[in-house]
Amino acid sequence: MKVKFAELATSAVKRDQYPADRGREIVLLGRSNAGKSSLINVMINRKNLARTSSAPGKTRLLNFYRVRGELAGQPQQMYFVDLPGYGYAKVSHSERDRWLDMIDSFLTDPGAEKYCWQLVDIRHAPSAQDITLHNTLKAAGYRMLTIVNKADKVSKNQRAGQLKLISQTLGVPKSELMVFSAITKEGAEQLWELADAFLLEGREEAEAMAKEADSAAAEA
Ligand code: GTP
Ligand code: MG
């Protein structure tokens, strides 16, 4: 998709605050500081629309970024949804429960077709929370992608070893891990290819539904 416009549509806590014009959305999940907001900025070609910070735990709300552009010769809209990160130590139990409720309520909301992108840091073995989230999403049947971020932080030699470790820990074949760097933009093009395929599927679905409605109307 050729991005022409992007804005923070809304920051939400609960369902009635979500934008009304959602269709398909890409959801960023991962530990605090994994680079979710940075990845969104790379995808939409903006320096700091999604707010990033070296202090973890910065994103406390569900941030809906509305993106418009052109895909396969037609106008296209989508959302990136930046979820607050987990694994931030300085969070109380009640705060963590609120976080879980907020995420759960969002993920189970039927208002949009979701593609879950989970980010992990190439330098570390996935945490227990990474693994739990990964398995939960998989069991729930979400379309998902594991993105190994901060690839610029390790050498070529270290990369192979870390990918193997992450692949084994999460149970994802190495060939299905998407290596990414917000600094070098490695992987960004492939991410857009996956995003585009997801969006085009939505378009085909909508066209098929419109056709069905047309023929039902013709029959009546
Ligand atoms: P929360 O909002 O706290 O959940 O964090 P986040 O996942 O949105 O992370 P964010 O994008 O704010 O990035 C955290 C820090 O990592 C920032 O200092 C970024 O500049 C840095 N960072 C993000 N991606 C990369 C990357 O690919 N390479 C390097 N070297 N640094 C990165
Ligand atoms: Mg963030």
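Start by selecting residues 156-170: that's helix H4, 15 residues in all. This is a predicted model, and in it H4 reaches 21 Å from its first C-alpha to its last, close to the 21 Å expected at 1.5 Å a residue.

Now show side chains on H4 and pick out Arg-159, Gln-162, Leu-163, Ile-166, Ser-167 and Leu-170, which are buried. Turn the view so you look down the axis of H4: the buried residues fall within an arc of 135 degrees, so they line one face of the helix. In general, an α-helix has 3.6 residues a turn, so residues three or four places apart point the same way.

Next, what do the buried residues of H4 pack against? Select strand S5 (113-121), helix H3 (128-139), strand S6 (143-149) and strand S7 (178-179), and you have their partners.

Second stop: select helix H1 (residues 36-43) together with helix H5 (residues 188-219). Their axes come within 10 Å and cross at roughly 80 degrees, which means H1 sits roughly perpendicular to H5.

Which residues meet here? From H1, show Leu-39, Val-42 and Met-43; from H5, show Ala-188, Leu-191 and Trp-192. Color this contact by class and you'll get six nonpolar residues, with no polar and no charged ones.

Terms used
Residues numbered from 1 in each chain as written. Chains lettered and ligands numbered in written order. Predicted model: local features only at pLDDT ≥ 70, side-chain atom pairs only at ≥ 80, totals over all residues. Heavy atoms only, no water. Helix = DSSP H or I, 4+ residues; strand = E, 2+ residues; numbered from the N terminus. Expected span 1.5 Å × (residues − 1). Buried < 20%, exposed > 50% of the residue type's maximum accessible area, 1.4 Å probe, protein only. Arc of directions from axis to C-beta. Contact = heavy atoms within 4.5 Å. Axes fitted to C-alpha atoms, helices over the stretch in contact; angles between N-to-C directions. Parallel < 35°, antiparallel > 145°, perpendicular 65-115°, else oblique. Nonpolar A, V, L, I, M, F, W, Y, C, P; charged D, E, K, R; others polar.
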